[in-house]
Amino acid sequence: GNLQIDEKHEEALRLLSININVLTMWKKNNFKAERLKHILQQYGVDILGLQELCINWSAFKTSHTVASLLRHGPTPIRSVASYNKREASKTTGRTQRGGTATLLNDGICSYAIDRGTDHTGLGRWSWYLLEGEHGCRTRVITAYAPCGSAGEESTVFQQHQRYIQEKGLKTNPKTVFRADL
């Protein structure tokens, strides 16, 4: 591909990954959401991976999704989001450190045959399985790994450290992340 926004070959697939560092679910006056909508349209992005959404999805209706936030007109759009379900009830409000979302935009939506999130419930990744011609499959994964922090209790590293302690494992969040992924 190239960075010329005027040209996108018909068979080209554009993927974009961004550490968004907090995305709010406001429908109005949401600068980050408006910017993402613009980028999806302007650059013809087919697949968008977002890390560190910091959304406690349990505090929202199931109809509130990243896709519903970034939808623009009749263009098909789908999303799957992950968050730390293990500690969602301990989180007060709509914010929780970490989380990911994988979004399919426009024509690529028709190739999705499955989707999912981190099997531990820690919200470390989200994914879509796409199937093309002749059964050719591609799994697109958006992941957010803990980077290490001995600081405040709400960091992603600390969330994962508590999980490891609960399970009685003799390891660390980075090693568990790599092994599980």
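## Reading the pocket, the cavity and the sheets

Tutor: Let's start with open space: the largest pocket holds about 600 Å³. The model is predicted, with local features needing pLDDT of at least 70 and side-chain atom pairs counting only at pLDDT 80 or more, while totals for chains, interfaces and linings use all residues. Residues are numbered from 1 along each chain as its sequence is written, and side-chain values use heavy atoms, with hydrogens and water left out.

Student: What makes a space a pocket and not a cavity?

Tutor: Both are sets of points on a 1 Å grid over the protein atoms alone; in a cavity a 1.4 Å probe fits but cannot get out, whereas a pocket is open, with protein on both sides within 12 Å along at least five of seven lines. Lining residues have an atom within 4 Å of a point. Points are joined across faces, edges and corners, and the volume is the space filled by probe spheres set on them.

Student: Which residues lie nearest the centre of the largest pocket?

Tutor: Leu-13, Asp-46, Asn-105, Gly-107 and Ile-108 do, out of a lining of 29 residues.

Student: Which helices and strands each supply at least two residues to that lining?

Tutor: They are helix H1 (31-42), strand S6 (125-131) and strand S7 (137-143). H1 contributes the most, with 3 residues. These elements are DSSP runs numbered from the N terminus: helices are H or I with at least four residues, strands E with at least two.

Student: How does the lining of the largest pocket divide by class?

Tutor: There are 12 nonpolar, 8 polar and 9 charged residues. Here Ala, Val, Leu, Ile, Met, Phe, Trp, Tyr, Cys and Pro are nonpolar, Asp, Glu, Lys and Arg are charged, and the others, Gly among them, are polar.

Student: And how many cavities of 30 Å³ or more are there?

Tutor: The count is 1, and the largest cavity has about 30 Å³ of space. Its lining consists of Gly-98, Gly-99, Leu-122, Gly-123, Arg-124, Tyr-144, Val-156, Gln-159 and His-160. By class, that lining is 3 nonpolar, 5 polar and 1 charged.

Student: Why is Cys-54 called buried?

Tutor: Buried means under 20% relative accessible area, exposed over 50%, and partly exposed in between (1.4 Å probe, protein chains only). Cys-54 has 2% relative accessibility, so Cys-54 counts as buried. Cys-54 lies in the loop between S2 and helix H2 (66-70), and its phi is near 60°, a positive value in a residue other than glycine.

Student: Why does Asn-21 get another label, and which one?

Tutor: Asn-21 is at 40% relative accessibility, so the label is partly exposed. Asn-21 sits in the loop between S1 and H1, with a positive phi of about 50° although it is not a glycine.

Student: Then what about Thr-155: buried or exposed?

Tutor: Its relative accessibility is 16%, and therefore Thr-155 counts as buried. Thr-155 belongs to the loop between S7 and helix H3 (156-167).

Student: What makes strand S4 (residues 100-105) mostly covered?

Tutor: Of its 6 residues, 6 are buried. Thr-100, Thr-102 and Leu-104 point one way from S4, Ala-101, Leu-103 and Asn-105 the other way, and all are buried.

Student: In what order do the strands of the four-stranded sheet stand?

Tutor: The order is S1-S2-S4-S3, in an open sheet with mixed pairing. Strand S1 (15-19) and strand S3 (77-82) are the edge strands, each pairing on one side only.

Student: How do you know which strands pair, and in which sense is S1 joined to strand S2 (residues 47-51)?

Tutor: Two strands pair if DSSP finds at least two bridges between them. S1 and S2 have 5 bridges in the parallel sense, with Leu-15 opposite Ile-47. S2 and S4 also have 5 bridges, in the antiparallel sense, and Ile-47 has Leu-104 as its bridge partner in S4. S3 and S4 run antiparallel with 6 bridges; Val-80 is the partner of Thr-102 there.

Student: Why are strand S5 (112-117) and S7 called edges of their sheet?

Tutor: That open sheet runs S5-S6-S7 with antiparallel pairing. S5 and S7 each have a single partner strand, so one side of each lacks a neighbour in the sheet.

Student: What joins S6 to S7?

Tutor: They run antiparallel and share 7 bridges, Leu-129 with Arg-139 being one of them. S6 and S7 form a hairpin with 5 residues between them, and His-134 in the turn has a positive phi of about 55°.
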